[in-house]
Amino acid sequence: PSAREAASKGVTKLRKSITPGTVLILLAGRFRGRRAVFLKQLPSGLLLVTGPYSANGVPLRRVNQSYVIATSTTVDLSSVPIPAKLNDAYFAREKANIGEKDDNFFSADKPAPPVETSDERKKDQKAIDDKLLKVIEKTPMLKAYLGALFTLTKGMKPHEMKF
């Protein structure tokens, strides 16, 4: 194997501040500014997080650890079973059918089909959310904390903050 392949064999080392149950602040993407609970590290090195969806709208998703801030808040995940099927293949998108080329590529005639969440994903989300919410509701104000957006205002220095 080449040096590049050998270097990519290992899984990314997890930051010390990130442990299962840690509340993370997402810094990029569709859910930036939202808080999510870290469930586990996937074989690719990405983090598996969830809002839970019913608390703040963040579904089960993969996040690179360089795009999160770990907070000191934790949730006890001992009573929350995380299925082994939640791996990188579970989140892989289906390949688009690249059959015939469309001459009128930029036409506004046909809009892109809406992406629908499969029933399997909804069922998995609900199973984890139900168990996780029971644990979250034992701690006062934790559900409201997870639902609140993280924002910086003038004069706030993130490198001097304790999360």
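Modeller: Helices (H or I, at least four residues) and strands (E, at least two) are DSSP runs, numbered from the N terminus. This is a predicted model, in which local features need pLDDT of at least 70 and side-chain atom pairs count only at pLDDT 80 or more, while totals for chains, interfaces and linings use all residues. Residues are numbered from 1 along each chain as its sequence is written, and side-chain values use heavy atoms, with hydrogens and water left out.

The protein chain contains 5 helices and 5 strands, in the order α-β-β-β-α-β-β-α-α-α along the sequence. Of its 163 residues, 30% count as buried, a term that means under 20% relative accessible area, with exposed being over 50% and partly exposed in between (1.4 Å probe, protein chains only).

N64 counts as partly exposed because its relative accessibility is 34%. The side chain of N64 reaches the backbone nitrogen of S66 at 3.0 Å. This is a polar contact, that is, a pair of N or O atoms within 3.5 Å; within protein, one must be able to donate a hydrogen and the other to accept it, and residues adjacent in sequence count only if both atoms are side-chain atoms. N64 also lies 7.7 Å from G45, C-alpha to C-alpha, although 19 residues separate them in sequence.
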